[in-house]
Amino acid sequence: MVRPLLEAVGLVKNYGHVQALREADFSVGAGEIVALIGDNGAGKSTLVKMLSGASRPDGGEIRLDGELVTLSNPLEAQRLGIETVYQDLALAPDLDGSANLYLGRELRRQGWLGHLGVLDNKAMRAGARTAFEHLGVDLQNAQTEVANLSGGQRQSVAVARSVAWASRIVFLDEPTAALGVLQTGRVLDVVRRIRDRGIAVVLISHNMPQVLEVADRIEVLRRGRRVAQYRAADTSVDQLVGAMTGALVEPESLQ
């Protein structure tokens, strides 16, 4: 097993009388794709919120590179090199790919023009081209408005934006939902390229065959707790479904 880069130990989260996480554990190593799976209500979204700074746990610890950290908000997580791509992508449809890549992080011109708030569009387009090329994202024209891109291209822009700023970990929430076969393949290629750059990838997905295709390891949540870990190469869809539903009782250690 890869040495953990990000590790959750015994996370607890309550919403009133509902216990969303019950001493949940999780880990992902640098340059590793870990799929986080579980049925609806298993606690996946809650766990990701804890690990990306969107919500605070009521108990337990989060460690980054072995050091205890407090992720007070998403900006703190981003400062530590952690980025998240949610299902809604959070893209600006009326802006092009390069503008979306730098959304909220715009570059300003040097000198007095920058002090006046003039953006350096040339530098941002050049940076976006480089980022897209490194991930194999083919937009044909990076100045095309996102609203005019295909679903797979929009997803790739959202992923590229996170990777451009992530130095350690990227969380991907259902990155291929509603995509066709060809578009899905291209997005999965982008995911592999992220891993190959040494960045940890956490993939949240309900697509079991896809999980087995792209993940290095799989961690299963059920009723707010991690119940199993698997090496993808040694695992079947039946095992994953059995662990998710409780039909298959196995030790938590890697199978």
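Student: Which residue in β7 stands opposite Thr84?

Tutor: This is a predicted model, in which local features need pLDDT of at least 70, side-chain atom pairs count only at pLDDT 80 or more, and totals for chains, interfaces and linings use all residues. Residues are numbered from 1 along each chain as its sequence is written, and side-chain values use heavy atoms, without hydrogens or water. β6 and β7 (residues 169-173) pair in the parallel sense over four bridges, where pairing requires at least two bridges found by DSSP. Ile82 stands opposite Ile169 in β7, and the residue opposite Thr84 is Phe171.

Student: What is the strand order of the sheet that holds β6?

Tutor: Strands are DSSP runs of E with at least two residues, and helices are runs of H or I with at least four, each numbered from the N terminus. The sheet is open, has six strands and shows mixed pairing. Neighbouring strands in this sheet are turned by 20° against each other on average, direction ignored. The order is β6-β7-β8-β3-β9-β10.

Student: Why is one side of β6 and of β10 left without a neighbour in the sheet?

Tutor: Strands of a sheet pair through backbone hydrogen bonds, either parallel or antiparallel. β6 (82-85) and β10 (225-231) are at the edges of the sheet, so each of them has a single partner strand.

Student: Are the residues of β6 buried or exposed?

Tutor: In a regular strand the side chains alternate between the two faces of the sheet. Ile82 and Thr84 point one way from β6, while Glu83 and Val85 point the other way. Buried means under 20% relative accessible area, exposed means over 50%, and partly exposed is in between (1.4 Å probe, protein chains only). By that test, all of these β6 residues are buried.

Student: At about what angle to β6 does helix α6 run?

Tutor: Helix α6 (residues 151-165) lies across β6 and β7. Angles are taken between N-to-C directions on a scale from 0 to 180 degrees, with axes fitted to C-alpha atoms, for helices over the stretch in contact. Contact means heavy atoms within 4.5 Å. The angle between α6 and β6 is about 170°.

Student: Which elements do the buried residues of α9 pack against?

Tutor: Helix α9 (residues 237-245) packs on the sheet, touching β3 (33-37), β9 (217-222) and β10, and its direction makes about 30° with that of β9. Its buried residues are Leu240, Gly242, Ala243 and Met244. They pack against β3, α8 (208-214), β9 and β10.

Student: Which element gives the most to the lining of the largest pocket?

Tutor: A pocket is an open set of points on a 1 Å grid over the protein atoms alone, where a 1.4 Å probe fits and protein lies on both sides within 12 Å along at least five of seven lines; lining residues have an atom within 4 Å of a point. The largest pocket holds about 310 Å³ of space and is lined by 16 residues, with Gln78, Glu83, Thr84, Arg161 and Ser162 nearest its centre. α2 (74-79), β6 and α6 each supply at least two lining residues. With four residues, the one that gives the most is β6.

Student: What is the relative accessible area of Arg161?

Tutor: Arg161 lies in helix α6. Arg161 and Tyr102 are 59 residues apart in sequence, yet 7.4 Å apart in space, C-alpha to C-alpha. Arg161 is buried, with a relative accessible area of 14%.

Student: Which helix supplies the largest share of the lining of the second largest pocket?

Tutor: The second largest pocket holds about 220 Å³. Its lining has 15 residues, of which Gly136, Val137, Asp138, Ser156 and Arg186 lie nearest the centre. α6 and α7 (181-196) each supply at least two residues of this lining. The largest share, five residues, comes from α7.

Student: In the four-stranded sheet, which residue of β4 is the bridge partner of Val12?

Tutor: This open sheet has the order β2-β1-β4-β5, with antiparallel pairing. β2 (18-29) and β5 (67-68) are its edge strands. β1 (residues 4-15) and β4 (residues 59-64) pair over five bridges. The partner of Val12 is Gly59.

Notes:
Grid points are joined across faces, edges and corners, and a volume is the space filled by probe spheres set on the points.
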